[in-house]
Structures are given as C-alpha cells and as structure tokens.
Amino acid sequence: MTKPVTRSRIFVALDTVDLEHACRVARDLVGSVGGIKIGLELYGAHGVEAARRLAELGLPIFLDLKFHDIPNTIASAVRAVLPLKPALLTVHASGGPAMLRAAAEAAAEAGEARPRIVAVTVLTSIDERDLGLVGQRKPLAAQVQRLAELALGAGIDGVVASPQEVAKLRAKCGDGFLLVVPGIRPPWAASGDQKRVMTPAEAIEAGADYLVIGRPITSAEDPRARVERIVAEIDGAPVPR
C-alpha cells in the first residue's frame, strides 16, 4: 500500500463543544492536513450539523463515535451516518465479530463512497493496571493484537491503537490493514491524559498510516504553524519556530 505524504497522514482532533471555534481551526488547516476528527464532544453538542459544516470546508472527516452495541443497532447506526460521507468511522473491536461484520457490511452499502471502518482496540488512556481492573488479564499488547486480528477477520479496514503497538500490528496484519494512531505527542508537548504515547516521527517509523493529533495543534495560537513544525520534525527538515 502506498503511504500518503506526511501532511495528509495527520487528522486533527477537534475535541471541543464550540462549533464556531472548530470551524475556525479547520478552516485555517485546509490544505495543511489530511483531515479532521469529530469526536463525541463536538458530535454530542451539535450532531450532524457539525459534520455537515466541517465537510463543507473540503477536509475529509474522521467520525470518531466509537459505536458499540448489538449488531442490528450498529448496522443501523452506520447507515444513519453514511449520508455524511465520512472518510473514517470508528466502532469498538470489543463488540465482537458479529457486530464488526454488521458494521462492515452496512458501510459497504455506500459503494465507492463508503467510509473505512476502523475498530478501537484499547484506549490510549489505559495502561496495564487499568486493563486488569476491567477484567482483562492478558498483557495489554496481547489484547490489542487479539482485537486487531478479530477485526481483520471480520472484514474491518483497520484499527485504532496506540503507537506502542503499531510495529507488531503492522507485522502481523500486513500493509493493507489501516493503522490509525492517537496518543501522538511531539517531544515539546505535554502527554496530558494519554499514557501510551510516541512522537509523530516515531509513530510513522513504526508503521502508522494516520496520526490523530489534537491539543498540540488546536491549543496553539497558530494551528497551521504547529502543523508545519510537526511535519518538518517527521520529515527531518529544519523546524519552523
């Protein structure tokens, strides 16, 4: 699979309830990034209106709603968002093979315009101790791989996983399996509530297809300048300050 050029591999997470602010940031980033991510905060506050307004700017939309329910409900939920034409759509891998197949089959109904379905494995805010507290006794990396293989077998396009698991997932699942990676923190940015993190350059080197980056970009006075700095760091070019 041909890897996209660096800036097109960045999806900026617009984690806010302020739609006007989200639109301003997105408008500033047109031509600088591969797309924008709409998560539960923005979608919960503004619903389909958020997706429609942001899509009008021409940036691909990553609709990160993390669907997780019985197969029939998930199929209906996927069909409900198909008119928004998201490029990427998330479900939870832990929903099981029948749910994952239902999501993939519903997405396929959109034909060439279908979103690529990516399954969330283990959230990047979770570490080994947290995993044990919810009853998962496997090592965290093994749990991520197990869920990724489940998704692959169910016809899902790829997974969302932390950068620390990317290299093993790429080796196990192959080049055609999409790896969407949050938990990205440049060396000059705080990790915040993320526990399993890497720098953008490290994640790309490990085999990530797309990087999901939020606060290091959106908290800046000049988000576009932050993107350029990150792109330069990935490419090893002189870093704009």
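Me: What makes a residue a contact of Leu54 in this predicted model?
Reply: Contact means heavy atoms within 4.5 Å. Leaving aside its neighbours within four places in sequence, Leu54 has such contacts with Leu14, Ala22, Cys23, Ala26, Ile36, Ile38, Leu42 and Ile61.

Me: Where does Leu54 stand in the largest nonpolar core?
Reply: That core has 70 residues, and Leu54 is among those with the most contacts inside it, together with Leu14, Phe67 and Val78. Helix 5 (residues 97-108) gives the most to this core, with seven residues. Another core, of eleven residues, lies apart from it and includes Phe62, Val118, Val120 and Val212.

Me: How do you know on which side of helix 3 Ala50, Ala51 and Leu54 lie?
Reply: Ala50, Ala51 and Leu54 are buried residues of helix 3 (residues 48-55). They cover an arc of only 95° around the axis, so they are on the same side of helix 3. In general, an α-helix has 3.6 residues a turn, so residues three or four places apart point the same way. The buried residues of helix 3 pack against helix 1 (19-29), strand 2 (35-38), helix 2 (40-46) and strand 3 (61-67).

Me: Why is Thr218 called buried?
Reply: Buried means under 20% relative accessible area. Thr218 has 19%, so Thr218 counts as buried. Thr218 is in helix 10 (residues 215-218). Beyond four places in sequence, Thr218 is in contact with Val12, Ala13, Leu14, His21 and Val25.

Me: Why is the pair Lys37 and Asp64 called a salt bridge?
Reply: The limit is 4 Å between a side-chain nitrogen of Lys or Arg and a carboxyl oxygen of Asp or Glu. For Lys37 and Asp64 the N to O distance is 3.1 Å, within that limit. Lys37 lies in strand 2 and Asp64 in strand 3, so the pair ties together parts that are 27 residues apart in sequence.

Me: Are Lys37, Asp64 and Lys66 buried or partly exposed?
Reply: Lys37, at 8% relative accessibility, counts as buried, and so does Asp64, at 7%. Lys66 has 25%, so Lys66 is partly exposed. Asp64 also forms a salt bridge with Lys66, with the closest N and O atoms 2.8 Å apart.

Me: What makes Asp209 and Arg170 a tie between separate parts of the chain?
Reply: Their side chains meet in a salt bridge of 2.7 Å, N to O. Asp209 lies in the loop between helix 9 (200-206) and strand 8 (210-213) and Arg170 in helix 8 (residues 166-173), so the pair ties together parts that are 39 residues apart in sequence. Asp209, at 2% relative accessibility, is buried, and Arg170, at 11%, is buried.

Definitions and conventions. Residues are numbered from 1 along each chain as its sequence is written. This is a predicted model: local features need pLDDT of at least 70, side-chain atom pairs count only at pLDDT 80 or more; totals for chains, interfaces and linings use all residues. Side-chain values use heavy atoms; hydrogens and water are left out. Helices (H or I, at least four residues) and strands (E, at least two) are DSSP runs, numbered from the N terminus. Buried means under 20% relative accessible area, exposed over 50%, partly exposed in between (1.4 Å probe, protein chains only). The arc is that of the directions from the helix axis to the C-beta atoms. A nonpolar core is a set of buried Ala, Val, Leu, Ile, Met, Phe, Trp, Tyr and Cys residues joined through side-chain atoms within 4.5 Å.
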